[in-house]
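Dear colleague,

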Amino acid sequence: MIVAAFDISKSATGYAATDGERWESGVWLCPIKKPFELKAGSINAEYAGRVGVWLENHIVALLGEHRPSHAAIEQPLPGSSSRQKLTPEKGGSNWAGQAFKTETVGGTQFDVTHFLHGLAFGAATICARKNIPCLYVASQTWRSTTGVGRPAKGLSYSQRRTWLKNEAKRICGLRGIPVTGPDQAESCLLAVHLLAVLNPRLAGHAEDLFRPKSKRTP
């Protein structure tokens, strides 16, 4: 049984194809640059279409070469809206008390959400066209299955993201899965999760897929 897995983003998409022993994996770096006149956070149909065709060509080639029975795509996050937050000004005060200033916090730029959802939808469409059953898998689900822990409390968003990516790479090393980068590692662990899902005997014990079989004693 061969499976394929995709950790999709506009800039770098991790991919993996495996039968649990042999691996082909890596990262596709998108060479298509944003139009210089496009404002931050804005979207452009022609630009999006070119990126979509570029990724489709890579996915079709991988599926055609390895002919997986199933595929998994990391489920894109819904994105979050920004909000206004009042924060005290350092050393500031006024006649009514502490002075405050308004800051914009949180939020995912619209173009990021647009690409994450659009490219994931496109990948699922390719699999459906080829009659390959495909799953969306939330990141917290495959991380739980494959043994990726939780980062320490108090870290910023970027620090948590870096920790999780480094942990995925470390887990691949422990499993003997050859990877060189974190996006590649995450797609491989997504494939590990899918193999476990497809084999009910190993459900919840994905590490057994890669554990050497013990020799029987006479």
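A residue is counted as buried when its relative accessible area is under 20%. By that cut-off C127 is buried, because its relative accessibility is 0%. Please bear in mind that the model is predicted.

On the cysteines, a search of the whole structure returns 0 disulfides. A disulfide requires two cysteine sulfur atoms within 2.5 Å. The cysteine sulfur closest to that of C127 belongs to C134 and lies 4.1 Å away, so the two are too far apart for a bond. C188 is likewise in no disulfide, its nearest cysteine sulfur being that of C172 at 5.1 Å. C188 is also buried, as its relative accessible area is 0%.

Turning to the nonpolar cores, the largest comprises 26 residues. Those with the most contacts inside this core are F6, I8, W28, V51, L55, I59 and L63. At least two residues of the core come from each of β1 (3-7), β2 (12-18), α1 (45-66), β4 (70-74) and α2 (110-129). The greatest contribution is that of α1, which provides 8 residues.

V51 deserves a separate entry: leaving aside residues up to four places away in sequence, V51 touches K10, C30, I32, F115 and L119. There is also a second, separate core, which has 22 residues. Among its members are W23, V137, V148 and C172. As general background, nonpolar side chains in soluble globular proteins tend to be buried together.

With kind regards

How values were computed: Residues are numbered from 1 along each chain as its sequence is written. This is a predicted model: local features need pLDDT of at least 70, side-chain atom pairs count only at pLDDT 80 or more; totals for chains, interfaces and linings use all residues. Side-chain values use heavy atoms; hydrogens and water are left out. Buried means under 20% relative accessible area, exposed over 50%, partly exposed in between (1.4 Å probe, protein chains only). A nonpolar core is a set of buried Ala, Val, Leu, Ile, Met, Phe, Trp, Tyr and Cys residues joined through side-chain atoms within 4.5 Å. Helices (H or I, at least four residues) and strands (E, at least two) are DSSP runs, numbered from the N terminus. Contact means heavy atoms within 4.5 Å.
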